[in-house]
Amino acid sequence: MENVYINILIIIVSILIYHIFITIHQIFKKNSKYVLVILSALSIVLCMHFPIYEQHGHVYDLRFIPMFIGAIYGGRNVVLSLVIFSVVNRFFIGGDGFYVYLITITVVLFFLYYWYIPRFNSLLLKQKLIYSMFIAMFYPILEFLICHLWFGTLEHIPPRLIGVSLITNLFVTVGVIYLIEYLRKANELMENYYIQDKFKGLSEMASSISHEVRNPLTVTKGFIQLVMNDEKIEIEKRNLHLGLALQELNRAESIITDYLTYAKPYEEINLEQLDVIEEIKYTVNVLNPLALMNNVHIQVKHQQNEAYLIKNDKKKFHQIIINLSKNAIEAMPSGGDLVIKISKESKFVSIEISDTGVGMTEEELSRLGTPFFSMKEKGTGLGTMVVFSLVDTLNGRISVTSIKREGTTFQLLFKSVDHIAVSE
């Protein structure tokens, strides 16, 4: 009787494999019928090779269940393929029981092909289970009757085996169909949730961007109207208004640029060998005026006579360092220290950017890198979001630690050139 459990295990495993395959990749989903035929055929063969019992040429196993499942979920073409496949395999097993199987499966095939398969998908779950239950009972009963009329088998088979055969066929068929319907429903719900989540994110992004861009445009419009409507406005005041309008337009352009950088981070990536120390010194020179204005002292720390080489995109690397350093400077409104520490960690070059600013709570840390979350009054959060996206695009790693009112540290890890050369 242990072969009963083996047959059941074969059927359940094949169903789970089928649902895993069609959910992990689009190519399997497009060719789901082929996957179904292959797994059903494999289950039929394995069930035949582990018969539950054999009496007077009658071999009994659960081959009908994977055939039935393949038929109702695959359609008419699939059932024809599986029936022909199972008949050929049964022929090679041999014995007079082949003719019993041939007659039984032909009768059941006719019933499935012309009545049950065309109606199956339109049935409710309860109806599917009830109708499948009757078919699951009809097949072994018909097979036993034909076998008995041919060989007088029922007089030699213990009633217990007949009972086990009928009950096993019934409960496994109903259980398997219920499992498949449950998995299909779960997959459908997940797909709907994924689609809704994408639309929700898109809606929130569009709403936030329109709000952020509208603010500087509204200010610009106001200043331009002031200049146009007041013909006697002083040149100095006129230039001030136009200057402020230009600043707001630049802010709107910056928001759009950051959004496009996040949306298409893979465009124009030019990898080249970079000396991290030289590139950090360049960004520090760019940031020094802003640091002096905010009373922030910038320090760069690294081991002397140590080479820190990475393969990266120079412009995007500068953008990452400048964005993080600029945020660090603005997080210290009363001044402080910005420390950029360069070191080696195994196969990586580590760049730590630490400030002594306002810091963040755990909740604020969890939202870091999401659209339009910012600790700054007029910040959009897009700059940090772009950093996370660029680091991922450049095959780097980023981590953040922060303590409220003590400061924040961003750590960047990029593979060193030495390690890249060895691995290649």
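**Close-up 1. The surroundings of Ser 132 in a predicted model.** Not counting residues up to four places away in sequence, Ser 132 touches Phe 68, Tyr 116, Phe 120, Thr 173 and Ile 177, where contact means heavy atoms within 4.5 Å. Ser 132 belongs to helix H7, residues 125–151; helices (H or I, at least four residues) and strands (E, at least two) are DSSP runs, numbered from the N terminus. With a relative accessible area of 0%, Ser 132 is buried, a term that means under 20% relative accessible area, whereas exposed means over 50% and partly exposed lies in between (1.4 Å probe, protein chains only). The side chains of Ser 132 and Tyr 116 make a polar contact at 2.8 Å; such a contact is a pair of N or O atoms within 3.5 Å, and within protein one must be able to donate a hydrogen and the other to accept it, while residues adjacent in sequence count only if both atoms are side-chain atoms.

**Close-up 2. The loop that holds Asn 295.** Asn 295 lies in the loop between helix H10 (276–293) and strand E4 (296–301). Its phi is near 60 degrees, a positive value in a residue other than glycine, and Asn 295 is exposed, with a relative accessible area of 59%.

**Close-up 3. The loop that holds Ser 346.** Between strand E6 (336–345) and strand E7 (348–355) is the loop in which Ser 346 is found. Ser 346, a residue other than glycine, has a positive phi near 60 degrees, and this serine is exposed at a relative accessible area of 75%.

**Notes.** In this predicted model, local features need pLDDT of at least 70 and side-chain atom pairs count only at pLDDT 80 or more, while totals for chains, interfaces and linings use all residues. Residues are numbered from 1 along each chain as its sequence is written, and side-chain values use heavy atoms, with hydrogens and water left out.
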